[in-house]
Amino acid sequence: MRTLPDPAFETTILVRDTCLCLHAQRAARAIARRFDIVLKPVGLTSGQFSLLMSLNRPQPPNLSSVAALLAMDRTTLTANLKPLERRRLVKTMADPKDGRARLLQLTPHGRAVLAVAVPIWRHLHAEIEKELSDPDRLRTELNTLSTFDNRGSVAG
């Protein structure tokens with residue numbers, strides 16, 4: 001294997017200052033930390049809140065649709081569901097139409113926890129939006145970026 005020269009320090013500075021991936025990751029971690037802090041009294045992390053909210057539907061969704069909504073693989077979603085199932089916030093059941101598929105449902109306790117968490121989320125979300133010059137544009141652009149598939153091209 002041919003030895004390549006080390007990347008120049010200037011490249012490190014370029015990535016630090018311009019890399020969209022780096023900046024998106026940093027922003028996501030910072031925002032998640034803020035939500036983790038305010039949701040801690042309810043016993044939820046920001047990821048758990050998002051997962052529970054994704055289940056707050058008139059009909060129980062299947063595992064695949066929730067994984068797609070959260071841009072998460074099924075294995076990771078299953079692992080993230082386990083602590084919520086142990087706390088009896090979520091229950092998993094076989095789909096009566098397809099016994100191989102699993103349906104996910106909030107329990108009454110899960111709905112009660114969400115009822116307490118939502119006003120906390122609303123308050124911090126409004127505070128964060130005040131810090132942004134155009135939150136609707138940012139949301140639109142983030143949604144555009146989230147339609148990219150694993151190969152780096154737009155999913156079609």
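**Entry 1: Ser 54**

I looked up what Ser 54 touches, and found Pro 61, Val 66, Leu 69 and Leu 70, not counting residues up to four places away in sequence. Contact here means heavy atoms within 4.5 Å. Ser 54 lies in helix H3; helices (H or I, at least four residues) and strands (E, at least two) are DSSP runs, numbered from the N terminus. Ser 54 is buried, at a relative accessible area of 5%. I noted the cut-offs: buried is under 20% relative accessible area, exposed is over 50%, and partly exposed is in between (1.4 Å probe, protein chains only).

I also noted that this is a predicted model, in which local features need pLDDT of at least 70 and side-chain atom pairs count only at pLDDT 80 or more, while totals for chains, interfaces and linings use all residues. Residues are numbered from 1 along each chain as its sequence is written, and side-chain values use heavy atoms, with hydrogens and water left out.

**Entry 2: Ser 46 and the rest of H3**

Next I looked up Ser 46, which lies in H3, residues 46-54. Ser 46 has 17% relative accessibility and therefore counts as buried. Leaving aside neighbours within four places in sequence, Ser 46 is in contact with Ala 32, Phe 35, Asp 36 and Leu 39.

Which residues of H3 are buried? I listed Ser 46, Gln 48, Phe 49, Leu 51, Leu 52 and Ser 54. The buried residues of H3 pack against H2, helix H4 (63-69), helix H5 (74-86), S1, strand S2 (98-106) and H6.

**Entry 3: H3 against H6**

I looked up how two packed helices are described: by the angle between their axes and the distance between the axes. The axes of H3 and helix H6 (residues 108-130) come within 11 Å and cross at roughly 115°. Axes are lines fitted to C-alpha atoms, for helices over the stretch in contact, and angles run from 0 to 180 degrees between N-to-C directions.

From H3, Phe 49, Leu 52 and Met 53 meet Leu 114, Ala 117, Val 118 and Trp 121 of H6. Ala, Val, Leu, Ile, Met, Phe, Trp, Tyr, Cys and Pro count as nonpolar, Asp, Glu, Lys and Arg as charged, and the others, Gly among them, as polar.

**Entry 4: the aromatic pair**

How many aromatic pairs does a search of the whole structure find? I got 1. Phe 49 and Trp 121 form this pair, stacked, at 6.2 Å centre to centre with 20° between the planes. Rings of Phe, Tyr and Trp (its six-membered ring) pair if their centres lie within 6.5 Å; planes under 30 degrees apart count as stacked, over 60 as edge-to-face and the rest as tilted. Phe 49 lies in H3 and Trp 121 in H6, so the pair ties together parts that are 72 residues apart in sequence. Phe 49 is buried at 6% relative accessibility, and Trp 121 is partly exposed at 29%.

**Entry 5: H1 and H2**

I looked up helix H1 (residues 9-18) and helix H2 (residues 20-39), whose axes come within 6 Å and cross at roughly 50°. In this contact, Val 15, Arg 16, Asp 17 and Thr 18 of H1 meet Leu 20, Leu 22 and His 23 of H2. The residues divide into 3 nonpolar, 2 polar and 2 charged.

**Entry 6: Lys 91**

Last, I looked up Lys 91, found in strand S1 (residues 90-95). Lys 91 is partly exposed, at 42% relative accessibility.
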